[in-house]
Amino acid sequence: MSALLQIRNLRVAIEGKEILRGVSLDVYAGEVHAIMGPNGSGKSTLAAVLAGREEYEVLEGEVLFDGQNLLEMEPEERARAGLFLAFQYPVEIPGVSMATFLRTALNEVRKARGQEPLDPIQFLSYARERMSWLGMEPDFLQRAVNEGFSGGEKKRGEIFQLLLLEPRLAILDETDSGLDIDALKIVASGVNRMRSPERSFIVITHYQRLLNYIVPDVVHVLFDGRIVRTGGRELALELEERGYDWLRSEGELVLPTLGEQ
Amino acid sequence: MAAELLEHLREQFLRLEQTSSEPSELLQQRRRALEALLQRGFPTTRHEDWKYTSLAPVLRYRYEVGAPASEELPSLSMVQGLPQPQLWLLDGVPHVHELPAGVELRTAERFALNGARREPLPGQLVDVEGDAFVALNTAFAPVPLTLTMRESLPMPMHIGVVTQADAVPRLGQPRLLMSVASGTSAALIFSFAHHGANPSLTNAVFELLLQPNAALDVLLWQDGLADAFAVTTLAARLESGARLRVWTLSFSGALVRNNVYIRLAGGAADAQLYGVTMATGQRLVDHHTRVEHEAEGCSSNQLYKSLAQERATVNFTGRIYVHPGAQRTNAYQAHRALLLSTQATVNARPQLEIYADDVRCTHGAAVGNLDEQALFYLRSRGIPEAQARKLLLYAFVREPLEALPSDALRELAERSLAEHIQLPIEEFA
Amino acid sequence: MPVQQDEVLQQVTQSEYKYGFVANIEEEIAPVGLNEDIIRFIWERKGEPEWMLEWRLRAYRHWKTMQEPRWAKVVYPPIDYQAISYYAAPKKRHVQSLDEIDPEIRRMFEKLGIPLEEQKLLAGVAVDAVLDSASVATTFKEKLAELGIIFCSMSEAIQKYPELVQKYLGSVVPYTDNFFAALNSAVFSDGSFVYVPPGVRCPMELSTYFRINAARTGQFERTLIIADEGAYVSYLEGCTAPMRDENQLHAAVVELIALDGAEIKYSTVQNWYPGDREGRGGIYNFVTKRGICLGRESKISWTQVETGSAITWKYPSVILKGEGSVGEFYSVAVTNHRQQADTGTKMIHIGRHTRSRIVSKGIAAGHSSNTYRGLVRILRGADYARNYTQCDSLLIGSSCGAHTFPYIEVLNPTAVTEHEAMTSKIGEDMLFYCRQRGISEEDAVALIVNGYCREVLLHLPMEFAVEAQKLLAISLEGSVG
Ligand SMILES: Nc1ncnc2c1ncn2[C@@H]1O[C@H](COP(=O)(O)OP(=O)(O)OP(=O)(O)O)[C@@H](O)[C@H]1O
Ligand SMILES: [Mg+2]
């Protein structure tokens, strides 16, 4: 069986500056991959390119999602195909209620899956159930999208959307940052609840702590636009202990190893 | 009234034209300007640009346009604390005291010289025929000048603009085309003064060309105009990466109109306009700004603060104009005024005209009174009310001075402002 | 509300103007052109009293001395006022009850979503239906009459309530006011009249639905609303017209009068035919709307959603005369393709402690031009007057223009005015966020624009808010991608 997500030698630049300098990665259905790496190494860039942000320039490489050429798809097509990004910095949309926003999104995704759209009542009960999993305030759906949310509320809102839209591949970009320890557990439990043999995750984080709760199958280190290390859980612990400097000294010599089933 | 003045001007023009030895190109331009002026006349309040400013008090007098008989420098004390001007413009006629190194001053005769160094006529950046005051200046300015800055100036250059109306009402018309060379930086201080017992109208036209990456600071320091009239038009064109800052300190003059027109013609240029206005008595101060974003990635900022007291009027009209294609524009504009008397007036017209979509343009205009709570706070600390009031006025209106290029200049400006608010200067030490 | 917003998005599918059909109704149409005979013709057809003829003729003579205003930021070829017909009315319209209405007219209004049977109407909305120059039906009249509320066509009011009409007609917008007001005064043929007696809260929304049907005619309606002491009324106005290649002129006048403690809420959803993508056809909407808060503590509130018309020229205003009176203006103006809008408000503060609030949202797309123009004037005697203005513009695409021209004139030192404006494009980040969740770009734009306008839409009565949201989405179709 081929991987759900296949990234081959992806090179990406923004404003003429090369950020990703040849990233290759396979994520199979059911796997959880963690990506760690110092600030500015290109983690969010990778996530953004996968989600289809247009300001990034793909210089080289190929990305297949479920066999489809991902880079040729519009952002909404990717979302409908089951790719979900939990944003590092979710944007505020004044005046648009979460309920409106999410029902619109959900019905688009359902349409793509050949499911019937949910009417407002069905939507409410569906959404409320998932809100309860994350211990969210009932007025959440009435509030404008991310407007005036605390950092933690925004992150929780992203995971809530993940629960709602049930994607096939979820990319979590530092969903743990800014969360207190209880919130972290809640978020992790939400993610774990979604784990299944059909669903994959890419978890971007700086802290191995999150990986205590969301246990990854593979850990990658992204350094200066390349994956310089790939290992198991223990790699995260090692990074926590030693930082990234030792990788710097090994520098470019470390060849990326691909995560394999 | 206006008709009488226009006729008086026409007669003077005919006389001047006969004795003129100027190159014909220049003379033709003067004549066209005069004809445009005679044809259109001076604007009235029905003219959108002059809606709140009646020129009636200005147009009452029959101004003499010729240079005064005496060529001697009067003993003038310009802005206190500033070094004496290096260049005087007396009724529009230049008197060089001492030019800084790298600065070149040339007069009209050079404009139409034969051969390689043919200079463009002045009037590239202003509407010579459509704008009555530019036309007036073009027709009569005694000595159109170009001032070229080839090197960076270590110190601000001071230019004294004086109109002398000792014997008769006089029209003083400086005309200056300034050019700042690529990559250099300079600061120019224009201090305005009126001299004599008769009314005067200073009608200055300054054109500024900023070459790529040039940086220029300009101060229009209107402190010595007493009850005279002044119309100043400053028009600038900025090439890529150029930076211009203009401060208009309007502390004197019975009727003062300041036009500041900026064209951001090259990418990533930046313009900052600041204004501090103190209007007391029957004064009328009218600020007009127009900032045109013509190229991509430019930024502009305007911050004007005004006090209108007694029977005074402050008008502000500011336009941000973003041309098609001027993407990634950032433009900001604010006029905030305190209206302090039942007889005073503030009119504001902040305007946005936008033809590109990747922009962020904001403007704000507020008119109000002193913050009563702040006043109460100061009084509760034992400061007498009158004093507290002045302190708050000063604090409100000085904000645009903060960005002045040097501490020394800022202190001077603050001192001058404090004097106009009649605060003892020690309060600010 | 969120639930309905969703509905809106699903309905954004067909991009054509839905109301562009022409109904085959027999109408009497005045000869083309304008002169004193035509005014007599209109006057006669309407069987008006003598004083109306005098008033009309005075207005007409004054109009002839006036120039069409050209200061607005709109461009259009000269209008030939002699090429327009100034009166068109259905032949079969003198009916005793709603049941007798010409079935053709009934069908047309039904098609527009305005059934003329009371039982089919939205509960709580009384409708006056105006077709071309004439009012064809007014619903719930009897029910309102029980409360002493007069809601009828202007023609009827002139016949039945001449004292009220004579006292107030032209008292807020005199015929000398402007070119189009003068023209309207000379030739207006119908419109709505409302009088709410002292202390009465009108229990239902009153609404007029304007429909232009005939070709080469102008529509010149006149609306007069008087809220007596302590009265309250909420009034809605909607409008559509067939798609035609020629431009049609609509020059209405609306006058509102609020006495002591009275409140008038006037809402408009303007959806005149905007012309096609290339700017052919469409309505010229040159309208004078003004209210006066005559009484103490009175309030007038204008809410408008402007999506239609080829050209919009309109500045619903409030004269704040009564002490402590309040004026409000909430506006959404959307322009797309070649539409041009120059709209805003005037708040004239005369009385002490008067307050006004302006919230304007302009959205420009395509090759359109969208201008906010507003005046806030605080006169010498308006002690402690307050104004707050927020006017924002959104640009969609790089070929449109969005402009803001406020005038702020303050003559009183105890007054406080604040004006803020911001122009920007729709946030790329917002769009991307929506799209990452599977929402198409066009829907994302509609969603974000609706959110952007929310503050204004909230001031519309419920039924209209839904309608308005749909309209916003439809008006912006084809503006992205
Ligand atoms: N829009 C942009 N314009 C210019 N540079 C950008 C842009 N986006 C990212 N970059 C640059 O690309 C590099 C990688 O950024 P990225 O956000 O992918 O890092 P990251 O690994 O997610 O870092 P962090 O751990 O801090 O979130 C950084 O140097 C950043 O400054
Ligand atoms: Mg990041």
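Predicted model: local features only at pLDDT ≥ 70, side-chain atom pairs only at ≥ 80, totals over all residues.
In which type of crossing does helix 5 of chain A pass helix 6 of chain A? The crossing of these two helices is left-handed. Two packed helices are described by the angle between their axes and the distance between the axes.

**Helices 5 and 6 of chain A**

- Helix 5 spans residues 151-165 of chain A and helix 6 spans residues 181-194 of chain A; their axes come within 10 Å and cross at roughly 15 degrees.
- Because angles under 35 degrees count as roughly parallel, helix 5 of chain A is roughly parallel to helix 6 of chain A.
- Helix 5 of chain A contributes A:Arg156, A:Ile159, A:Leu162 and A:Leu163 to the contact, while helix 6 of chain A contributes A:Ala183, A:Ile186, A:Val187, A:Gly190, A:Val191 and A:Met194.
- By class, the residues of this contact are eight nonpolar, one polar and one charged.

**Helices 1 and 2 of chain B**

- In chain B, helix 1 (residues 2-19) packs against helix 2 (residues 24-40) at an angle of about 165 degrees, and the two axes are 11 Å apart.
- Helix 1 of chain B and helix 2 of chain B are therefore roughly antiparallel to each other.
- These two helices of chain B also make a left-handed crossing.
- On the side of helix 1 of chain B, the contact involves B:Leu6, B:Leu9, B:Arg10, B:Phe13, B:Leu14 and B:Glu17.
- On the side of helix 2 of chain B, the contact involves B:Leu27, B:Arg30, B:Arg31, B:Leu34, B:Leu37 and B:Leu38.
- Eight nonpolar and four charged residues form the contact between helix 1 and helix 2 of chain B, with no polar residues.

**Helices 3 and 8 of chain C**

- The axes of helix 3 (residues 50-64) and helix 8 (residues 179-187) of chain C come within 7 Å and cross at roughly 145 degrees.
- Helix 3 of chain C passes helix 8 of chain C with left-handed geometry.
- From helix 3 of chain C, the contact residues are C:Trp55, C:Arg56, C:Ala59, C:Tyr60 and C:Trp63.
- From helix 8 of chain C, they are C:Phe179, C:Ala182, C:Leu183, C:Ser185, C:Ala186 and C:Val187.
- The contact of helix 3 with helix 8 of chain C comprises nine nonpolar residues, one polar residue and one charged residue.

**Cavities**

- The model holds eight cavities of 30 Å³ or more.
- Of the 14 residues lining the largest cavity, C:Ser360, C:Gly362, C:Asn370, C:Thr371 and C:Tyr372 lie nearest its centre.
- In chain C, strand 17 (326-335), strand 20 (355-365), strand 21 (369-378), strand 22 (386-396) and strand 23 (401-410) each give two or more residues to the lining of the largest cavity.
- The lining of the largest cavity divides into three nonpolar, nine polar and two charged residues.
- The second largest cavity holds about 50 Å³ of space.
- Its lining is formed by A:Ala79, A:Gly82, A:Leu83, A:Phe84, A:Val109, A:Arg113, A:Leu165 and A:Pro167, together with C:Gln436 and C:Arg437.
- Six nonpolar, two polar and two charged residues make up the lining of the second largest cavity.

Terms used:
Residues numbered from 1 in each chain as written. Chains lettered and ligands numbered in written order. Heavy atoms only, no water. 1 Å grid on protein atoms, 1.4 Å probe; cavity = no way out; pocket = protein on both sides within 12 Å on 5 of 7 lines; lining within 4 Å. Points joined across faces, edges and corners; volume = space filled by probe spheres on them. Helix = DSSP H or I, 4+ residues; strand = E, 2+ residues; numbered from the N terminus. Nonpolar A, V, L, I, M, F, W, Y, C, P; charged D, E, K, R; others polar. Axes fitted to C-alpha atoms, helices over the stretch in contact; angles between N-to-C directions. Parallel < 35°, antiparallel > 145°, perpendicular 65-115°, else oblique. Left-handed = near helix turned anticlockwise from the far one by under 90°. Contact = heavy atoms within 4.5 Å.
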